[in-house]
Amino acid sequence: MNQTAVDQAFFIYFYLSLSILSIAVIVSKNIIHSAFFLLIFLLHVAAVFLFLNSEFLMVIQIIVYVGGVLALFVFAIMVMNIKEELKHRRFVRFAGAGILVSLLFFAVFYGFVKNVKVSSNPPPPNDVNLLGSLLYSYYLLPFEILSVVLLIALVAGIIIARKSPREEK
Amino acid sequence: MINEYLLLSATLFTIGFIGFLIRRDLIVMLMCLEIMFNAVNISFAAFSYYGGNFIGQVFVLFSIALAASEAAVGLAIVLALVRATGVNHSDEIIRLRG
């Protein structure tokens with residue numbers, strides 16, 4: 001009977017912790033600390049996906065983001081070898097204007113989000129087989145295009161990050 | 001209940017937007033982009049769950065793959081920029097031809 005109360009409590013916990021973690025990503029002085037806060041943030045987002053009854057997305061979130069993207073960030077921080085981060089200025093000069101514009105944006109956004117109604121269908125079945133068959137039948141063309149995009153991004157990342165020949169000699 | 005998930009999504013998107021606007025370090029700006037991607041993914045998954053439609057999860061998959069490729073290319077660009085000019089702050093990039 002207390003199912004909704006437990007849901008509410010967990011949702012409030014995730015709301016507060018996600019907000020605090022994303023603010024901590026922004027305000028932390030050390031970039032490595034930002035990367036670790038981003039790690040905890042991504043794991044919490046995976047838990048929110050689990051609340052929304054989509055387990056496959058949770059697994060993909062952990063594998064791709066935590067295992068791939070975050071490792072890429074940490075590698076980039078290590079390769080660039082940033083040392084002077086402890087006493088440099090973190091924010092741009094017009095940071096106050098940026099916060100003001102963002103809060104205006106949030107006000108408009110809240111006006112849209114406040115009373116959204118969806119048709120009350122039953123929630124979709126928690127079925128990975130259905131997701132896979134949908135990906136390989138109806139969404140086959142976007143899936144293949146996405147594979148080409150990933151290949152191009154891989155090759156482009158290698159080519160851009162390569163040392164330029166002018167620099168080598 | 002969907003309103004609460006959308007409010008969560010809007011809050012995270014706004015925080016990521018603030019970070020993207022006001023931070024100077026290019027890597028933290030890319031991290032804020034990831035926060036914004038995650039906010040949009042939460043919104044997709046919430047619509048998929050409460051609308052009773054399976055399509056949202058498929059699009060979250062596409063969006064995650066695009067975010068991965070975006071992070072790869074963005075970090076490569078930042079790395080090339082740091083190698084070429086030694087600058088890793090967004091307001092110090094004042095030359096176009098290096």
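Colleague: Which helix of chain A gives the most residues to the side that touches chain B?

Modeller: In this predicted model, 68 residues of chain A are in contact with 60 residues of chain B. The elements that give two or more residues to this side of chain A are α1 (3-27), α2 (31-51), α3 (55-80), α4 (95-113), α5 (128-137) and α6 (140-161). Among these helices, the one that gives the most, with twelve residues, is α3(A).

Colleague: Are α2(A) and α2(B) roughly parallel or roughly antiparallel?

Modeller: Two packed helices are described by the angle between their axes and the distance between the axes. Here the axes of α2(A) and of α2 (residues 26-50) of chain B come within 11 Å, and they cross at roughly 5°. Because angles under 35 degrees count as roughly parallel, the relation of α2(A) to α2(B) is roughly parallel.

Colleague: How many residues of the contact of α2(A) with α2(B) are charged?

Modeller: The contact is made by residues of both helices, including A:Leu38, A:Phe41 and A:Val45 of α2(A) as well as B:Met31, B:Glu34 and B:Ile35 of α2(B). The residues of this contact divide into 13 nonpolar and two polar, and the number of charged ones is one.

Colleague: Is B:Ala68 buried or exposed?

Modeller: B:Ala68 is found in helix α3 (residues 55-85) of chain B, and, leaving aside residues up to four places away in sequence, B:Ala68 touches A:Val64, A:Gly68 and A:Val69. A residue needs 20 or more other C-beta atoms within 10 Å to be buried, and because B:Ala68 has 20 such neighbours, B:Ala68 counts as buried.

Colleague: Is A:Asn30 buried or exposed?

Modeller: A:Asn30 lies in the loop between α1 and α2 of chain A, and its C-alpha atom is separated by 9.8 Å from that of A:Arg90, 60 residues apart along the chain. Because A:Asn30 has 12 C-beta neighbours inside 10 Å, A:Asn30 counts as exposed.

Colleague: How many buried residues does α6(A) have?

Modeller: α6(A) reaches 32 Å from its first C-alpha to its last, close to the 32 Å expected at 1.5 Å a residue. This helix is hardly covered, for among its 22 residues the count of buried ones is two.

Technical notes:
Residues are numbered from 1 along each chain as its sequence is written. Chains are lettered from A and ligands numbered from 1 in the order in which they are written. This is a predicted model: local features need pLDDT of at least 70, side-chain atom pairs count only at pLDDT 80 or more; totals for chains, interfaces and linings use all residues. Two residues are in contact if their C-beta atoms, placed from the backbone, lie within 7 Å. Helices (H or I, at least four residues) and strands (E, at least two) are DSSP runs, numbered from the N terminus. Axes are lines fitted to C-alpha atoms, for helices over the stretch in contact, and angles run from 0 to 180 degrees between N-to-C directions. Angles under 35 degrees count as roughly parallel, over 145 as roughly antiparallel, 65 to 115 as roughly perpendicular and the rest as oblique. Ala, Val, Leu, Ile, Met, Phe, Trp, Tyr, Cys and Pro count as nonpolar, Asp, Glu, Lys and Arg as charged, and the others, Gly among them, as polar. The expected span of a helix is 1.5 Å times one less than its number of residues.
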